[in-house]
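Here's a quick tour for anyone opening this structure for the first time. Have the sequence and the 3D view side by side as you read.

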Amino acid sequence: MIHIRDIAERPSKADVAALSKFSPATIHEAQGRRGALSSRLKPVDYRMKLCGPAFTVKCAPRDNIMLQLAINYAKPGDIIVVSAGEYEEAGSFGDVLANACLAKGIGGLVTDTGVRDTLQLRELGFPVFSLSVCIKGTVKETIAAVNDPIIVGGEIVNPGDIIVGDADGLVVVRRAEVQEAARLSQAREDAEAGYIDAYKQGRSVIEVSKLEAVLKAKGLVVDI
């Protein structure tokens, strides 16, 4: 018997909002270069962004019955995260299901299979990150798990972990580490703002990054 479970504990809206201020790249670096999903997962449109708790679902390749169940049971703000075996030759999601998601206030979709109707998805503005774009349809046959831990893009994603995505990629933040990730991300952005200000004041990259001693120790000789 397979049960449809809700996320046991969602992060607070305040925690999601705090993390949404930062790019996935910043968060990835700030949390010790952890949590980056495969760079093969791309947004349908570079302007698409998402941030919210993962509503996880397992699908059989070329089968979207469980994705439709996930859409039915997900809550507003949830990001539906689909593990479908990294199967590229299927268009498991398109404009019809995107409209269903928008009507429910779902925050976005991340899937390791294909999607289609990309022109309409761009026009709708519903954030979709996928492994491929494919016109081939799917069946509705295989029942599987909802809100169990899954592997997507080479990372374990637990229900309730936060997924953040933009044009550069996707990162997952463990639910228990959200506040610390936001704090570290802010510290990183503050430091980078200081670097930029130093460059504008005429300081060199080597000076700002404190590379002189490192380069000397590696035997670098400058002849210019």
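Predicted model: local features only at pLDDT ≥ 70, side-chain atom pairs only at ≥ 80, totals over all residues.

The protein has eight helices and nine strands, and its C-alpha atoms fill a box of roughly 65 × 35 × 30 Å along the principal axes.

**The sheet**

- Seven strands make up an open sheet in the order β1-β5-β4-β3-β2-β8-β9, and the pairing is mixed.
- At the edges sit β1 (42–43) and β9 (169–173), each of which pairs on one side only.
- Strands of a sheet pair through backbone hydrogen bonds, either parallel or antiparallel.
- For a parallel example, look at β3 (residues 79–83) and β4 (residues 108–115), joined by four bridges.
- Val 81 has Val 110 as its bridge partner in β4.

**Helix α1 against the sheet**

- Helix α1 (residues 13–20) packs on the sheet, where it touches β2 (50–58), β8 (162–166) and β9. The direction of α1 makes about 110° with that of β2.
- Which residues of α1 are buried? They are Asp 15, Val 16 and Leu 19.
- Seen down the axis of α1, these buried residues fall within an arc of 100°, so they line one face of the helix.

**Nonpolar cores**

- In soluble globular proteins, nonpolar side chains tend to be buried together.
- Here, the largest nonpolar core has 26 residues, and Leu 67, Ile 80 and Phe 93 are the ones with the most contacts inside it.
- At least two residues of this core come from each of β2, α3 (65–73), β3, α4 (95–104) and β4. The largest share, four residues, is supplied by α3.
- Another core of 15 residues lies apart from it, with Leu 50, Ala 54, Val 81 and Val 172 among its members.
- What does Ile 80 touch, leaving out residues up to four places away in sequence? Its contacts include Phe 55, Val 57, Leu 67, Ala 70, Ile 71 and Val 110.

- Thr 111 lies in strand β4. Is Thr 111 buried or exposed? Its relative accessibility is 2%, so Thr 111 counts as buried.
- Not counting residues up to four places away in sequence, Thr 111 touches Leu 41, Val 82, Ser 92, Phe 129, Ser 130 and Leu 131.
- The side chain of Thr 111 also reaches the backbone nitrogen of Thr 113, at 3.3 Å.
- Asp 45 is in the loop between β1 and β2. With a relative accessible area of 8%, Asp 45 is buried, because the cut-off is under 20%.
- A polar atom of the Asp 45 side chain lies 2.8 Å from the backbone nitrogen of Arg 47.

**The whole protein**

- Of the 224 residues in the protein, 43% are buried.
- Among contacts with a separation of 6 or more, 74% are between residues 24 or more positions apart.

Technical notes. Residues numbered from 1 in each chain as written. Heavy atoms only, no water. Pairing = 2+ DSSP bridges. Contact = heavy atoms within 4.5 Å. Axes fitted to C-alpha atoms, helices over the stretch in contact; angles between N-to-C directions. Buried < 20%, exposed > 50% of the residue type's maximum accessible area, 1.4 Å probe, protein only. Arc of directions from axis to C-beta. Core = buried A, V, L, I, M, F, W, Y, C linked by side-chain atoms within 4.5 Å. Polar contact = N/O pair within 3.5 Å; in protein donor to acceptor, adjacent residues only side chain to side chain.
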